[in-house]
Structure formats: structure tokens, C-alpha cells
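Have the model open as you read.

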Amino acid sequence: MPSHPAPTRLTGPPSARDRIRRADRKYGAHLLGSAAGAAVAAALFGLVLVLVEAHWGPLRRVDSGAADTLHRRALHHQGWTDGLAFVSNHILSPGTLRTAVALLTLWLLHRRAWRLAAWSAVTALASALTGTLVKAVVERARPALPDPVAHAPGYSFPSGHAMTATTSFAIFLLVLLPLVPRAAHRLCWLTSAVAVVGVGFTRVALGVHWCSDVIGGWLLGLTVVAATAWAFEAWRSDAHRPAAAVTEGLEPEIDAPHPEPAHSPDA
């Protein structure tokens, strides 16, 4: 007997409940990703901190080798050294980056993106306070090199420049990506990564930080950003806003005339 094809199952448009379930699954994945990112960054930072405090031999050799090699180059290439110092002390210094974040926060307030402005300010402040606290607890001395080409005050671990660059460029990306054409997103991420890595390199090349200081600054900065981004995503869920991929920006509605919800969804 000839076989008959199975009847085609007709499906209509997804119901409101189905849409909510899909949004919840997406939100859960995004929130879990943020939490996992914060946990991994915190664990790696803790590992680096333990190795620094334990004066682990292999880490000390890496730190010393990189410091000596780059210091010799700095002594024999004055123009190169001056360029690194200009980038480190002016273009991408903590003061410059924090000022840029403050201006971005004011712009968000002007657009009435109150919660995103609060996230930006809190993230920058948390980064500064956390870095200062960890420096005071660890009390690691800066490199002591013959004929130093640069000087910096305070303790060494973690690098404040590296940490501030990490949190500042993360703030720029997570706030401004929705305003950038999607085709340029990869370029924005690449540019930010190059800037953050470059800041860390200048600090080691100028002899004011160990490599592990810079790595610690990057990891601690990532921990702060992941934790605050996680909190922002939780607010979006409470406000019944659509789940947003963090890699595309924290608040896609920022390009709308009124980015904040007009009223409570339960009103």
C-alpha cells in the first residue's frame, strides 16, 4: 500500500506566553554569562594575588625578565620612551579616562537615561575604590631599576592604569555600542582591546609596574564590570525589558527618544 505523508502540523504565531518564555531563556543565559564572567575574572585575580603574595618563583622570574628587557630598551631609545610616557601619562591616564567617563555620564543624564548613568558612575567609582583598597592591603613595592626612566607614587599591585583602562573602555563599549552600526562593532571591540593592552604595556615598559601588576589590574577591572553589568541585567528583568546581549551594549533603547521605561509595568 502506498504510504501517505504525515499531515503537516500547522502552527500559528507564538503566543504571548511563548514569547515571554523565550525572553526569559535569553535573559537567563545572559545573566548566567555575566555571573560566570565575574566569577572567572575574580578567581583568576585571586590566583594572581596569591602567587604575588607567595613570591612564587616562576612569576617573579617573568616579572623581573620583562622589567629588565624593557628597561634596557627604554634607556637606549629615548624617543620611544617619551612616546610611551605621553600615552601613559596624558592620553590614556586614569585622570583622562575618568574625565571621559564623567562626561559620558553627564550625557546619559541629559538623555534621561538615569539608570545607565548610575551604572556608569557606580562602575567607575567601584573600580577606583576597589583598586585603592587592594593596593593598600597588598602593599607591593614598585620595581627598583637602575637609572629609572619614570616614577610613580604609591604601591604597585594592581596597576591602577590597567584597571582604569579596563573599566573605562568597558563602560564606553557597553553604553555606546547600540549607537554604532553593527558592522563596526568588531572594530570598536578591537580598538578598545588594543588600548587596554597598550596601557598595560606602557606601565611595564616605563618600569613603574611588574607584569603581574598589569594582569591583576585587567582581571580586577573585568570583575568589577561583570558584577555591575550583572546587576544592570537584573534590573532589566525586573522592569520587564527585553533581554539584551551584553556584547551588543547594556541598553539597546539608548538611541530612542525616551530610553527609560515610562512607568512601571505593573501600573
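## The cavity and its lining

Helix H6 makes the biggest contribution to the lining of the largest cavity, giving four residues. Helices are DSSP runs of H or I with at least four residues, and strands are runs of E with at least two, numbered from the N terminus. The cavity is lined by Arg98, Ala124, Ser127, Thr164, Thr167, Ser168 and Ile171. Helix H5 (114-138) and helix H6 (160-176) are the elements that give two or more residues to this lining. By type, the lining has two nonpolar, four polar and one charged residue. Here Ala, Val, Leu, Ile, Met, Phe, Trp, Tyr, Cys and Pro count as nonpolar, Asp, Glu, Lys and Arg as charged, and the others, Gly among them, as polar.

The space inside is about 30 Å³, and a search of the whole structure finds one cavity of 30 Å³ or more. On a 1 Å grid over the protein atoms alone, a cavity is a set of points where a 1.4 Å probe fits but cannot get out; a pocket is an open set with protein on both sides within 12 Å along at least five of seven lines, and lining residues have an atom within 4 Å of a point. Points are joined across faces, edges and corners, and a volume is the space filled by probe spheres set on them.

## About the model

This is a predicted model, in which local features need pLDDT of at least 70 and side-chain atom pairs count only at pLDDT 80 or more, while totals for chains, interfaces and linings use all residues. Residues are numbered from 1 along each chain as its sequence is written, and side-chain values use heavy atoms, leaving out hydrogens and water.

## The second largest pocket

This pocket holds about 250 Å³ of space. Of its 13 lining residues, Val52, His55, Arg60, Arg140 and Trp210 are the closest to its centre. Helix H1 (16-53) and helix H2 (57-76) are the elements that give two or more residues to the lining, with the largest share, four residues, coming from H2.

## A salt-bridge network

Asp63, Arg140 and Asp213 are linked in a network of salt bridges (a side-chain nitrogen of Lys or Arg within 4 Å of a carboxyl oxygen of Asp or Glu). Asp63 and Arg140 meet at 3.0 Å, N to O. Asp63 lies in helix H2 and Arg140 in the loop between H5 and H6, so this pair ties together parts 77 residues apart in sequence.

Arg140 also pairs with Asp213, with the closest N and O atoms 2.7 Å apart. Asp213 belongs to helix H8 (residues 211-238), 73 residues from Arg140. Asp213 is buried, at 0% relative accessible area (buried means under 20%, exposed over 50%, partly exposed in between, with a 1.4 Å probe and protein chains only).
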